[in-house]
Amino acid sequence: MDITKIQIQNNQSKINLAEMEQMARLIRAKIIELSYKAKTPHIGSSLSCTDILVAAYWQALEIDPTNPDNPNRDRFILSKGHAATALYATLAYRGFFPLDFLETYDKPGSTLPEHPSPHCAPGIEAATGSLGHGLSLGVGMALGAKIKDLDYRVYIVMSDGECNEGSVWEAALLAPAQKLVNLVAIVDYNKWQATGPSNQVMSLSPLAQKWTAFGWNTLEIDGHDLGTLSQVLSDVPDKSGKPVAVIANTIKGKGISFMENDNNWHYKIPNENEYKNALEELGF
Amino acid sequence: MRNAFSNEITRLAKDNPEIVVLSGDIGNKLFDQFKTQFPNRFYNCGVAEANMMSMAAGLALCGFRAVPYTIVPFITTRCLEQIRVDVCYHNLPVVIVGVGGGFSYASLNATHHSCEEVALLRVLPNMTVICPGDPMEVRLALRAALQYKGPVYIRLGKKGEPVIHKEEFSFVIGKGVPIRSGQDVCFLNCGLLLPNVIQAAEILKEKGISAGVISFHTVKPLDEDLLKEVFSTYPLVVTIEEHSKLGGFGGAVAEWVTDQTQFSSRLLRIGSSDSFFYSAGEQEDAREYFGLTSEKIADKTLNFFTGISKK
């Protein structure tokens with residue numbers, strides 16, 4: 001089946017578990033297609049956070065693709081901007097822009113480069129790609145809601161490698177001090193960064209305990225369990241009076257047997273056979 | 001200058017509910033009035049400037065006029081990455097205010113000096129760089145910056161700088177302010193040395209040299225119309241700044257004039273040399289060391305003017 005011919009957009013804010021699972025498969029297939037055709041890296045990183053995006057965009061976020069600038073919308077920042085294909089595909093299937101627009105990905109002159117920014121397309125809240133910015137931007141946004149007495153929430157998805165950046169921990173120290181209960185930091189904890197295991201490069205573990213010690217209400221979950229993700233991301237603001245940290249245990253390359261936990265797929269680009277096999281595994 | 005800033009931001013915040021001040025753990029007493037009047041619009045962000053700068057951008061993305069404030073090197077070079085990506089790339093109306101430009105905090109040693117940041121900030125796309133020359137220019141620059149649609153950096157001194165402009169005037173970002181006219185030499189002053197430059201012009205007058213003075217408060221965008229006028233009128237143009245001669249205001253003017261074909265006037269740049277200031281001492285000691293006192297500015301200018309006049 002040609003993934004490009006599938007023109008399903010689902011503009012519904014709450015879809016059921018089976019529909020979310022189907023959407024996750026579709027987005028994973030689109031991620032692989034985008035990288036295969038444009039010859040761009042970071043497939044493994046995009047596949048590991050796909051379920052987080054599906055649960056956020058089809059369950060948790062109070063957003064309206066026809067009114068992307070609503071001042072009281074929930075904000076979502078993909079701080080691990082190198083997983084841009086996951087965000088682009090999600091926004092397209094969620095109805096922020098036509099699916100055809102994805103065909104321009106990484107083409108000269110297009111507004112869809114390999115890292116996202118608000119200049120790219122509707123629905124993108126912030127420019128990311130340089131790691132360690134999203135959480136601090138989110139702290140500012142969450143504080144803005146507090147000042148204006150609005151009830152929007154702010155969701156930030158970071159990579160575990162991103163937690164190497166000192167600015168992440170500056171933001172992690174400030175958010176609880178300001179009692180930003182509308183802020184959610186999600187770590188896509190796939191245990192790998194660009195050149196090695198994230199717990200060997202830096203001493204991340206015990207990651208959940210670190211966030212707890214910094215004053216966050218920290219939840220460690222299966223980052224591919226769409227039901228749990230939906231519940232956790234929807235249950236915000238948290239009753240504890242703290243910002244929420246979600247340590248989402250994930251698998252880099254999730255969904256494709258020969259990509260899972262193989263860090264070569266941080267940079268590797270699939271050949272034609274790998275592309276076809278990957279789509280077949282996803283049911284396309 | 002910092003008192004002018006705190007008074008003015010407090011005054012402006014009454015009419016602008018979008019103004020939010022972020023402090024990098026300094027100036028608590030300075031902002032007492034602001035905090036009393038607007039308790040939910042002042043945040044001490046701690047000693048964490050990178051986070052503070054991105055927070056300012058996050059607030060601006062939600063419609064606020066964020067004003068992050070701390071000591072110059074910490075609000076600029078310390079978090080240059082956040083200024084570049086979060087503030088400038090998004091082209092957000094964040095007004096970055098640094099206190100202690102140049103050698104204002106000379107006695108605290110080079111960690112607290114800043115003679116590089118103008119060079120680094122002015123190359124960032126979308127960034128506007130303003131170095132006010134007196135407390136009145138601080139007030140007027142702040143008003144203009146808070147109306148401006150894009151990032152602005154305002155470089156303050158410390159406290160007690162003399163007031164040069166007794167009355168308010170029409171302050172326009174990117175437009176220099178003539179202070180006195182002359183015929184032989186034109187001083188283009190950028191920032192903290194304005195009183196010294198006016199005094200230098202007086203010294204030169206006594207020696208028979210007629211020197212004009214312009215407060216050239218905006219480094220970017222450059223007032224090109226005024227530069228054309230000045231380079232058409234004076235045989236010698238002198239840029240003055242309490243900043244490195246490398247890449248700062250003088251560098252900007254030198255870049256500009258290099259690309260012009262029609263001028264025969266000469267340019268002299270006066271600023272600090274490519275060196276840290278390693279000694280103990282106050283701002284005046286650092287200025288003495290780097291040749292930024294009125295007398296030394298006058299001497300350098302006279303020597304250069306004499307040299308080009310002989311040719």
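Among contacts in chain B between residues at least 6 apart in sequence, 77% link residues at least 24 apart, where contact means heavy atoms within 4.5 Å. For chain A, contacts between residues at least 6 apart likewise give 77% joining residues at least 24 apart. This is a predicted model, in which local features need pLDDT of at least 70, side-chain atom pairs count only at pLDDT 80 or more, and totals for chains, interfaces and linings use all residues. Side-chain values use heavy atoms, with hydrogens and water left out, residues are numbered from 1 along each chain as its sequence is written, and chains are lettered from A and ligands numbered from 1 in the order in which they are written.

**Chain B as a whole**

- Chain B holds 12 helices and 12 strands, counted as DSSP runs numbered from the N terminus (helices are H or I, at least four residues; strands are E, at least two).
- Chain B is as compact as a globular protein of its length, because its radius of gyration of 19 Å is close to the 19 Å that the globule rule gives for 311 residues. That radius is taken over C-alpha atoms, and the rule is 2.2 Å times the number of residues to the power 0.38.
- Along the principal axes, the C-alpha trace of chain B spans about 65 × 40 × 35 Å.
- Of its 311 residues, 61% count as buried (buried is under 20% relative accessible area, exposed over 50%, partly exposed in between, with a 1.4 Å probe and protein chains only).
- Accessible areas come from the Shrake-Rupley method with a 1.4 Å probe, and for residues only the protein chains shown count as cover.
- Chain B carries 31 positive and 33 negative side chains, with the centres of the two sets 0 Å apart. Lys and Arg count as positive and Asp and Glu as negative, while His and the chain ends are not counted; each charge is placed at NZ of Lys, CZ of Arg, CG of Asp or CD of Glu.

**Chain A as a whole**

- Chain A has 9 helices and 7 strands.
- A compact globule of 284 residues would have a radius of gyration near 19 Å, and the 18 Å of chain A agrees with this.
- The C-alpha atoms of chain A fill a box of roughly 50 × 45 × 35 Å along the principal axes.
- Of the 284 residues of chain A, 59% are buried.
- The accessible surface of chain A comes to about 10,500 Å², with 50% belonging to carbon and sulfur atoms.
- Chain A has 24 positive and 32 negative side chains, and the centres of these sets lie 2 Å apart.

**Nonpolar cores**

- In soluble globular proteins, nonpolar side chains tend to be buried together.
- The largest nonpolar core has 82 residues, and L135(A), L183(A) and W211(A) have the most contacts inside it. Such a core is a set of buried Ala, Val, Leu, Ile, Met, Phe, Trp, Tyr and Cys residues joined through side-chain atoms within 4.5 Å.
- Helix α4 (residues 134–148) of chain A gives the largest share of this core, 8 residues.
- Apart from it lies another core, of 65 residues, including I63(A), F97(A), L102(A) and I256(A).
- Leaving aside neighbours within four places in sequence, L135(A) is in contact with several residues, among them I156(A), M158(A), V168(A), L183(A), W211(A) and W216(A).

- S23(B) sits in strand β1 (residues 19–23) and is buried, at 0% relative accessibility.
- Not counting residues up to four places away in sequence, S23(B) touches F42(B), Y43(B), N44(B), C45(B), G46(B), M52(B) and Y69(B).
- M53(B) belongs to helix α3 (residues 49–61) and is also buried, at 0% relative accessibility.
- Again setting aside residues up to four places away in sequence, M53(B) touches P68(B), I75(B), C79(B), Q82(B), I83(B), V87(B) and I96(B).

**Backbone details worth a look**

- A cis peptide bond, with omega about 0 degrees, joins S205(A) and P206(A); P206(A) is in the loop between α6 (198–201) and α7 (207–213) of chain A.
- The peptide bond from K220(B) to P221(B) is cis too, with omega near 0 degrees, and P221(B) lies in the loop between β10 (218–220) and α9 (224–233) of chain B.
- K179(A), a residue other than glycine, has a positive phi near 50 degrees, and K179(A) is exposed, with a relative accessible area of 56%.
- N261(A) is not a glycine either, yet has a positive phi of about 60 degrees; at 45% relative accessibility, N261(A) is partly exposed.
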